[in-house]
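Colleague: I have just opened this model and would be glad of a friendly tour. Could we go through it together?

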Amino acid sequence: MSDVLELDYNLAELPSSQHRAGLAGLVLMVRWLERDKNKKGSCSLARLDEYGATLRIDQAGLRELFDEVYAASKEEQEEPKLRKDKAGNIISPLREGTYQETDPKTGKAKERKFYAYPVTIPRGAFLVAYDPSARDDDGVWIKLWRNMIWEILRGVPATRRPFVERSKGKFTEDADKVWLDLQRPADHTVDLPSTYFIGAQASNAENVSFKDRARHQFLLHFWAFVAQVYVPTTLVYDKKTKQGKPRDVGYALTVPDVANLEEFCEELPKVLQRDRSADAHNYFRRRPRESVIDLAAEGALDLMNKLNQRLAVEAGNQSVSDLLLGVDVVHLEKQGNNIRLWGTARIDPTQSMIDEYARVKSLFRYALFLRQRLLNMLNESEWFNGFGSLLSTTDSEQTIGSRFFRADVRTAFKDSIQSNQSTKGEQDDVDTEASKLPANQSSVEDLIYQLTGTYITAKLRSKHQLEWKSVQGSPREGEYGDKKTKIAKDAFLAVRSRTGDDFVEYFVSTLCSFPQFLNEEGYATLAQALHTDTDKVRTLTLLALSARG
């Protein structure tokens, strides 16, 4: 047996993005270990370039490496209830105590009881140093990573043994077992459990076991230090408050598929330390604000956008595609004792998509709208696709009844109009009737947006004798707004309940019942779309009524 092993890795020869991310994690971990001048073992990089790396390591060095990867401590955690074992027996706490809590409704202080229990906390090696919010080895980003490790990658208590044993100061044999496997021939294979590789099983449906080369599996101890953690959320409608409340749905792990190892390992620490906000989320107070996303795949876009901004600062002639082949996203959630895989995605690092993501994020804020808009962007479809179904199945209080949704739709129409009519000035948002769209520049979106505005304005005048220019600044301004909102919502609900020919009949007989300021070509464009692409017109009508409401 050799006293010192030399493990040579090339990115192109590794079987997955997790392995390539693992190699990057190994490089960063070895660099982190170099800060310790008292280490006894040998663990160093004999080669590091854009194509791969060569690791020189002995058995003592491997032990020190694993001790850093699986470092953990025992701490106390205060919990509101007593723990129970599987048989329902109460587990004695370390101690009991009370604390004061202010009731948000009454403002009175209440005394609450807590029970302190021991918990194992993974340390996270260099991730603590790279957390911009870290204070005394704790921060919102490292806490998020630790929670993900405990709930997802080590969600089964038996898999936490490497951390638990080290938190107790006990010797663990895991490094020695890996050392023996690494001593074998390069093609020696070992079992591949899901603890190391997401989606792996003991055997598949055809009873074929999951195997990996020992030297490749070794890299899977490190990929979690490079993968970025995000928190996908969904809106849950509360009928009492008539508002959507965000709820987190597990974790989105973004695994960078590294194309340039040396450059990636230079840039990622800078992104983590300098380009992430230290702020906690307003609603999910224990989560970093920037980690809370509306769509799992958004995690990949956010990572690429941050790398893109970093490269723009330090190397203007480089792009994200020089560092990454792509980013894999895995959406996982712990439910009971099971880890549910909600979905996977692969996002390619195209500059146009990264730029569009940054633009969309700067324009829109409402989660329900932004999520669909991002889906459309990823699918390279028109911005309004999918909203017909969403608006037809979602409570109207979350759409046309929400000022945040209305504001985002209004912004989307303005953005579309400006894109379609680059030579036309910004249109009046509310009540202009005199402006006619140039026939050679009008799109269906523009025409429907103008038509719905004209309908609402004309109905306000004919039914309620209200005009904006006569009520602006007067006591009747509020009445004008209320009546306008009701007209738009009534039309919205009428359109939402109709499809196909029923919708066409309503559109023609009701929304077009007042004179429209469209020229001949505009009428022809709208008529053709109404009969050849009815669903598109219906979707845009629902959106336009929301914007105008």
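Colleague: Which residues have the most contacts inside the largest nonpolar core?

Modeller: Do keep in mind that this is a predicted model. In soluble globular proteins, nonpolar side chains tend to be buried together. Here the largest nonpolar core counts 147 residues. Those with the most contacts inside that core are L62, L65 and F218.

Colleague: Leaving aside its neighbours within four places in sequence, what is L65 in contact with?

Modeller: Contact here means heavy atoms within 4.5 Å. With the neighbours within four places in sequence left out, the contacts of L65 are L26, M29, L33, C43, I57, F218 and F222.

Colleague: Which strands stand at the edges of the sheet?

Modeller: This open sheet has 3 strands in the order β1-β3-β2, paired antiparallel. Each edge strand has a single partner, so one side of it is left without a neighbour in the sheet. The edge strands are β1 (4-10) and β2 (43-48).

Colleague: What is the bridge partner of S44 in β3?

Modeller: Strand β3 covers residues 52-58 and pairs with β2 in the antiparallel sense over 5 bridges. In β3, the partner of S44 is R56.

Colleague: At about what angle does helix α2 run to β3?

Modeller: Helix α2, residues 59-69, lies across β2 and β3. Its angle to β3 is about 110°.

Colleague: And what do the buried residues of α6 pack against?

Modeller: Helix α6 (residues 174-183) is mostly covered, with 7 of its 10 residues buried. Among them are W179 and L182. The buried residues of α6 pack against β1, β3, α2, α5 (161-167) and α7 (214-217).

Definitions and conventions. Residues are numbered from 1 along each chain as its sequence is written. This is a predicted model: local features need pLDDT of at least 70, side-chain atom pairs count only at pLDDT 80 or more; totals for chains, interfaces and linings use all residues. Side-chain values use heavy atoms; hydrogens and water are left out. Two strands pair if DSSP finds at least two bridges between them. Helices (H or I, at least four residues) and strands (E, at least two) are DSSP runs, numbered from the N terminus. Axes are lines fitted to C-alpha atoms, for helices over the stretch in contact, and angles run from 0 to 180 degrees between N-to-C directions. Buried means under 20% relative accessible area, exposed over 50%, partly exposed in between (1.4 Å probe, protein chains only). A nonpolar core is a set of buried Ala, Val, Leu, Ile, Met, Phe, Trp, Tyr and Cys residues joined through side-chain atoms within 4.5 Å.
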